[in-house]
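Subject: Structure handover

Hello,

Here is the structure for you to take over. My notes on what was found follow below it.

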There are 4 protein chains.
Amino acid sequence: MMSSKKIRLGLIGGGSGSFISVVHRIAAYMGERYELVGGVFSADFDSGKRFAESLNLDLSRTYPDLESFVRGESALPVPERIEVVSILTPNFLHYPMAKKVISAGFNVVCEKPMTFTVAEALDIERLASDNNIVFGLAHTYTGYPMVRQMREMIAAGDIGKIQKIDAQYYQGWINPFIHDAEKRAGVWRLDPQMSGQSCCIGDVGIHAFNLVEYISGLEVATVLADIDTLYEDNLLDVDGTALFRTGNGVRGLIRASQIATGEENNISVAIYGDKGALKWQQEAPTELHYLTDDQPRRIYKPGNSYNSEFAQDSTKIAPGHPEGLFDAMANLYSGVAKAVRNENFHPGAFPGAADGVRGMKFVEAVLASNRGGQVWVDL
Amino acid sequence: MMSSKKIRLGLIGGGSGSFISVVHRIAAYMGERYELVGGVFSADFDSGKRFAESLNLDLSRTYPDLESFVRGESALPVPERIEVVSILTPNFLHYPMAKKVISAGFNVVCEKPMTFTVAEALDIERLASDNNIVFGLAHTYTGYPMVRQMREMIAAGDIGKIQKIDAQYYQGWINPFIHDAEKRAGVWRLDPQMSGQSCCIGDVGIHAFNLVEYISGLEVATVLADIDTLYEDNLLDVDGTALFRTGNGVRGLIRASQIATGEENNISVAIYGDKGALKWQQEAPTELHYLTDDQPRRIYKPGNSYNSEFAQDSTKIAPGHPEGLFDAMANLYSGVAKAVRNENFHPGAFPGAADGVRGMKFVEAVLASNRGGQVWVDL
Amino acid sequence: MMSSKKIRLGLIGGGSGSFISVVHRIAAYMGERYELVGGVFSADFDSGKRFAESLNLDLSRTYPDLESFVRGESALPVPERIEVVSILTPNFLHYPMAKKVISAGFNVVCEKPMTFTVAEALDIERLASDNNIVFGLAHTYTGYPMVRQMREMIAAGDIGKIQKIDAQYYQGWINPFIHDAEKRAGVWRLDPQMSGQSCCIGDVGIHAFNLVEYISGLEVATVLADIDTLYEDNLLDVDGTALFRTGNGVRGLIRASQIATGEENNISVAIYGDKGALKWQQEAPTELHYLTDDQPRRIYKPGNSYNSEFAQDSTKIAPGHPEGLFDAMANLYSGVAKAVRNENFHPGAFPGAADGVRGMKFVEAVLASNRGGQVWVDL
Amino acid sequence: MMSSKKIRLGLIGGGSGSFISVVHRIAAYMGERYELVGGVFSADFDSGKRFAESLNLDLSRTYPDLESFVRGESALPVPERIEVVSILTPNFLHYPMAKKVISAGFNVVCEKPMTFTVAEALDIERLASDNNIVFGLAHTYTGYPMVRQMREMIAAGDIGKIQKIDAQYYQGWINPFIHDAEKRAGVWRLDPQMSGQSCCIGDVGIHAFNLVEYISGLEVATVLADIDTLYEDNLLDVDGTALFRTGNGVRGLIRASQIATGEENNISVAIYGDKGALKWQQEAPTELHYLTDDQPRRIYKPGNSYNSEFAQDSTKIAPGHPEGLFDAMANLYSGVAKAVRNENFHPGAFPGAADGVRGMKFVEAVLASNRGGQVWVDL
């Protein structure tokens with residue numbers, strides 16, 4: 001009954017109580033290009049079915065596990081088959097599940113970190129290419145209009161040659177748990193089996209790293225990192241700083257924490273060039289600060305015609321009407337939709353598997369640097 | 001095929017190019033309780049059909065005009081019939097269209113101003129009551145979590161007895177048009193036939209008025225207003241200030257402008273009591289400032305457990321992840337959904353016809369005050 | 001022993017415990033053009049002498065009362081005589097004391113309000129002119145570099161023709177006292193004998209009024225005001241709003257309060273023109289916001305070469321090193337010094353007796369408007 | 001003629017055109033405890049005398065060089081002799097001049113960096129102790145009331161055990177010069193003969209380091225630093241980051257730059273503990289942010305009774321009346337005055353020679369770390 005125009009979306013994970021699933025679903029709805037059709041909403045099939053019912057989904061498209069999902073959907077005629085699969089499971093399932101759905105020819109939106117290791121990430125990148133599928137990675141913050149404006153202004157030379165980069169991602173949410181071994185045990189992100197090799201760097205530092213490369217257009221070549229587990233019997237990092245140098249010799253740093261008590265989601269990026277600088281903070285996402293040596297500071301805001309076309313296309317609303325995180329993610333979904341439909345899209349429209357590889361290289365380099373006693377390690 | 005659980009939504013107006021329609025549609029999608037089914041998307045049926053196609057809607061539910069909409073939908077069995085109609089037309093059509101759909105028994109979400117006159121507003125209020133329908137009015141800003149927190153804190157006595165109220169709604173968007181008669185002629189909000197008795201007070205001042213009553217829990221009893229058309233040959237106000245007193249004698253003021261050059265959507269509300277004060281600004285919607293005589297200023301932010309239940313229920317996301325205007329409107333739609341489904345809902349969940357009556361009383365009192373040479377006029 | 005170059009300064013009032021005296025003394029020291037020589041520091045001579053000793057002043061220049069001050073100083077040779085007298089007494093003494101010292105030929109820096117009535121203010125203005133003395137009025141906020149920059153930009157046409165003015169001066173300091181008659185009795189500013197006809201308008205509203213005229217270059221022609229004593233048995237206003245129109249028809253408003261609970265010294269001025277707008281807030285005094293229809297908002301900060309010469313001359317320090325209230329007052333003292341020494345000075349260098357007359361006209365017009373039931377009253 | 005109560009102040013350096021001298025002189029005047037008597041204002045005696053005349057100083061106390069200053073002042077009877085000498089010369093003269101005046105028994109206020117090397121710094125510390133003189137070091141930012149409040153709150157346990165420290169000092173002033181060898185040659189701070197071993201770390205990083213130790217009460221034990229000269233033919237650092245660990249194992253970092261284009265004087269300190277966090281920024285010096293896991297953010301502002309006694313004593317003015325950099329320095333001068341007069345003073349009242357030693361240890365450790373290829377170096 002539905003026309004073929006809407007993209008059929010499936011979810012893997014992201015059932016009842018999943019915060020990140022709310023973000024993905026809303027993001028998919030916002031641009032009116034996706035239709036949520038089915039998925040594997042929970043490891044517990046009954047729970048998954050109840051969730052599907054709560055969303056009025058067709059239970060015949062609700063599957064108990066990934067295998068039956070792939071089998072069931074692949075059996076459907078192409079015009080009915082789910083086209084994009086969003087992988088919203090805990091970290092340790094990203095890689096195996098992505099591998100399966102890519103191999104089966106589904107396009108993917110994957111939560112980060114893409115994998116546990118660089119080797120796995122390269123595998124995903126190769127598979128996505130071999131299967132000719134669209135692969136989007138949920139580095140949501142790249143979807144903010146002012147982040148995109150920052151990228152465009154740098155590409156246009158508005159700050160000249162970059163000479164210093166400083167990115168931060170500070171949260172405090174682990175503080176209430178970290179000091180008590182029992183409470184700590186209840187935090188899955190601190191469990192290497194669930195979370196991977198890193199907690200803080202892999203969960204938030206990787207976002208800051210991604211923003212640095214996304215915005216600056218430069219590649220981080222080498223890092224020196226000092227990370228902190230705070231307690232000896234805590235296995236994963238909850239804080240860390242990585243000094244870095246880009247391929248062309250620019251120095252910078254990435255600061256990440258989950259024990260910055262009281263911080264909510266304090267991401268900031270400052271990039272200084274020889275002609276100017278740009279600064280942005282996620283908790284005040286509608287303001288982009290442009291500094292120069294000799295002019296008053298300028299504040300760019302979304303929705304205005306002075307912004308780049310890419311930034312303008314990333315805003316749905318008149319100036320002064322705040323958009324937020326859902327809107328940022330919606331811009332990623334919109335980019336994926338264009339790619340799936342073979343429409344033109346901006347190279348910055350959504351991060352992909354290559355960004356996932358870069359991210360894992362960063363995480364592994366940071367860990368290696370720290371293990372080595374804070375030494376320089378190339379990505 | 002769709003289960004009966006989702007609320008079937010229709011739009012009147014809000015077709016191609018409508019900014020406000022984007023806000024309503026996204027708001028409806030966000031809570032996953034509405035399904036857009038059909039409507040009258042444009043005065044031009046072809047355009048309306050193209051719009052419906054672009055959204056993959058069933059063209060059999062796309063109607064050329066309101067009469068055919070009412071006839072067509074009413075002919076459908078109740079479980080298929082559209083349940084809520086959002087009226088998104090230009091101002092002059094709000095009243096006649098709302099009247100028709102209410103009389104036909106449809107629930108309504110109506111853009112503001114609800115009507116052109118108090119008499120019409122009272123008519124809508126009576127009709128909605130007589131037809132026992134749910135009527136929501138799009139005073140979107142009441143949907144912000146921190147606006148709701150402000151209301152709850154005042155109700156809980158956190159600022160004591162209110163002694164001063166100051167609300168502002170400053171925009172600058174008319175400045176580029178107002179100084180040139182030709183450009184001005186292209187602005188429908190400046191045309192009394194389209195816009196009503198007032199431009200600035202009716203379009204933005206009314207929001208500030210609504211926030212004052214919504215947040216404070218007080219009723220404005222009398223106003224004294226000075227409004228400005230800027231040019232003699234401009235028929236409608238583009239700026240104005242209304243001094244007011246509430247029924248219990250509190251003094252306050254509402255400041256509105258559309259010629260505050262460079263302002264985007266600068267709404268603010270400050271309410272001072274004998275024990276404390278609360279201040280909020282729409283362009284930084286995630287911060288609520290709580291001031292007292294002798295304690296450090298406190299900044300309340302959404303998503304935190306220190307907020308009231310109502311404010312918490314109005315946030316979908318963890319602290320530090322900004323929500324914006326769509327989310328505010330989504331909270332109104334969520335409230336309407338609960339009312340339509342006979343679920344419990346908070347009295348502040350969405351503004352209704354009574355608020356529309358209050359708004360029109362405010363507009364008429366302001367205009368009368370100004371016409372009389374800035375004299376006190378009771379609402 | 002001292003050379004004749006430094007200006008000999010005397011104080012009337014401003015002895016031990018006087019907050020405002022600290023501001024004046026520091027302001028005088030800052031520019032290194034004044035030498036504090038003596039004065040009448042207290043109504044209690046012993047207390048005044050102790051104060052003089054604490055500052056290592058020559059007790060022979062410490063006088064028991066104004067008469068002996070005038071007699072004593074006038075008897076000294078001109079090169080030793082005090083040249084500028086700062087009048088820092090409670091309000092009710094401003095007029096009689098200013099009258100005496102002006103008549104005796106001393107230059108004056110006078111705290112505001114200059115007098116209790118317009119008639120007295122005109123008397124001071126005439127006397128100052130007749131005696132050919134320099135008269136500075138302590139409208140301190142005109143001394144902030146960014147206030148001066150705002151004035152200069154408006155004069156240079158940067159915002160075009162002014163079309164809207166909004167000024168605010170909100171404090172909350174009376175809240176802890178106002179609700180209890182006994183506590184209230186201890187507040188001299190609420191006593192008409194000490195404070196004059198008005199508390200809130202005369203103390204803080206007058207500053208906002210002064211800033212409006214100082215910055216805009218326009219004259220307020222007529223006002224309509226609603227003021228509030230909060231309690232019937234409280235004699236003086238603690239809150240009030242004045243709508244106004246300038247001579248050339250610009251509408252604006254001045255909002256003042258001392259019961260805006262929790263507000264410290266929240267002064268703001270926003271001036272909107274047809275080409276742009278400028279906004280400034282006293283509690284963030286180093287930021288001047290420049291808004292236009294179509295460009296990013298610009299933030300002007302002190303000490304930068306993009307500022308006007310007048311603003312640059314009003315800063316002593318490199319950009320990013322905050323100056324504050326003392327520095328603003330120091331700029332007034334510096335202006336008075338130039339006038340006393342017959343050096344060139346900017347017409348905005350310090351407010352004078354004419355500003356005092358304007359201020360009293362504003363206060364009287366506001367009070368008359370309110371007494372008349374909120375009617376328009378010309379200044 | 002002057003009583004003995006005021007402290008007689010002399011300056012070494014700081015004549016015509018010296019920005020830092022303005023800060024010191026105003027700071028000395030503000031508390032009304034110093035009298036500027038004489039000094040060596042310039043390497044050019046004629047220029048020094050003209051400067052003295054411009055300030056109406058007694059030319060008999062204006063000296064051509066330090067030797068004659070020491071000889072001349074030492075020959076005066078103690079009650080007339082200069083008591084405190086402020087050393088305001090370029091960096092390379094701090095050590096030799098401080099050595100001479102300390103050895104001659106004068107109390108000192110010295111600009112930072114105190115010396116070029118740790119060895120020299122230890123020499124100064126020893127000399128100051130041996131000669132029993134008061135030695136103040138111009139780490140001006142420790143004088144801000146909210147910095148002091150931050151220190152007191154941490155000492156009181158308000159944030160619990162510290163677990164993360166992040167300090168920044170970003171300026172952009174070298175950007176206009178650094179890219180052109182000729183322009184660069186005109187910047188004395190880039191000349192090792194004038195400036196010492198380091199430009200950025202020694203000039204601004206050292207302030208951030210000092211704030212970290214001053215506020216946290218912890219000692220930095222070891223650093224790992226990456227510094228940048230930007231150009232190979234530029235001899236001194238203009239940017240650098242130092243990771244550090246305190247003696248009790250807290251990780252932190254200090255970020256410094258003079259090529260952060262467009263930054264004016266952007267100093268910030270954030271200290272996170274297990275019970276809360278405190279954040280402060282120099283360009284908005286009147287706001288101290290207090291964050292916790294579960295309460296609204298609190299903003300502390302100067303002049304309020306909720307502040308510590310030390311912070312309150314560091315403010316001269318009512319809340320909401322901004323103080324700035326001069327006021328911070330004035331608090332240091334006030335502390336030195338108390339020490340000179342053997343009055344009680346708070347241990348945080350002014351930094352001393354021990355802080356100078358710490359600072360030089362930091363600079364040398366940073367440089368050694370960088371030379372070694374970014375390795376850990378103990379202080």
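Which residue of chain C comes closest to the rotation axis? The residue is C:Val375, with its C-alpha at 3.8 Å from the axis. The axis belongs to the rotation of 180°, with 0.0 Å of shift along it, that superposes chain C on chain B at an RMSD of 0.0 Å. The two copies are thus related as by a two-fold rotation axis. Both copies use the same surface, since 100% of the contact residues of chain C recur in chain B. The superposition is by least squares on the C-alpha atoms of residues with pLDDT of at least 70 in both copies, and contact means heavy atoms within 4.5 Å.

Before the rest, some notes on conventions. This is a predicted model, in which local features need pLDDT of at least 70 and side-chain atom pairs count only at pLDDT 80 or more, while totals for chains, interfaces and linings use all residues. Residues are numbered from 1 along each chain as its sequence is written, chains are lettered from A and ligands numbered from 1 in the order in which they are written, and side-chain values use heavy atoms, with hydrogens and water left out.

Salt bridges

Side chains of opposite charge can pair when their charged atoms come close. Over all chains, the search finds 104 salt bridges (a side-chain nitrogen of Lys or Arg within 4 Å of a carboxyl oxygen of Asp or Glu). One of them is between B:Asp226 and C:Arg251, at 3.4 Å from N to O. B:Asp226 lies in strand 7 (residues 220-228) of chain B and C:Arg251 in strand 9 (residues 251-257) of chain C, so this pair joins two chains. Strands here are DSSP runs (E, at least two residues), numbered from the N terminus. B:Asp226 is buried at 4% relative accessibility, and C:Arg251 is buried at 17% (buried means under 20% relative accessible area, with a 1.4 Å probe and protein chains only).

B:Asp239 and C:Lys164 also form a salt bridge, with the closest N and O atoms 3.1 Å apart. This pair crosses between chains too, from strand 8 (residues 239-246) of chain B to strand 6 (residues 162-170) of chain C. B:Asp239 is buried at 2%, as is C:Lys164 at 1%.

Within chain D, D:Arg255 and D:Asp166 meet in a salt bridge of 3.0 Å, N to O. The pair links distant parts of the chain, strand 9 (residues 251-257) and strand 6 (residues 162-170), with the two residues 89 apart. D:Arg255 has a relative accessible area of 3% and is buried; D:Asp166 is buried, also with 3%.

In chain A, a network of salt bridges links A:Lys99, A:Asp123, A:Arg126 and A:Asp130.

Aromatic rings

There are 48 aromatic pairs over all chains (rings of Phe, Tyr and Trp, the last by its six-membered ring, with centres within 6.5 Å; planes under 30 degrees apart count as stacked, over 60 as edge-to-face and the rest as tilted). Among them is the edge-to-face pair of B:Tyr63 and B:Phe69, at 5.3 Å centre to centre and 80° between the planes. B:Tyr63 is buried at 8% and B:Phe69 is buried at 0%. In chain A, ring pairs link A:Tyr141, A:Tyr144, A:Tyr169 and A:Trp280 into a cluster.

Charges also sit over rings (NZ of Lys or CZ of Arg within 6 Å of the ring centre and within 35 degrees of the ring normal). C:Arg151 lies over the face of C:Tyr214, 4.4 Å from the ring centre. In chain D, the charged end of D:Arg151 sits over the ring of D:Tyr214, at 4.4 Å from its centre.

Regards

Terms used: Buried < 20%, exposed > 50% of the residue type's maximum accessible area, 1.4 Å probe, protein only. Helix = DSSP H or I, 4+ residues; strand = E, 2+ residues; numbered from the N terminus.
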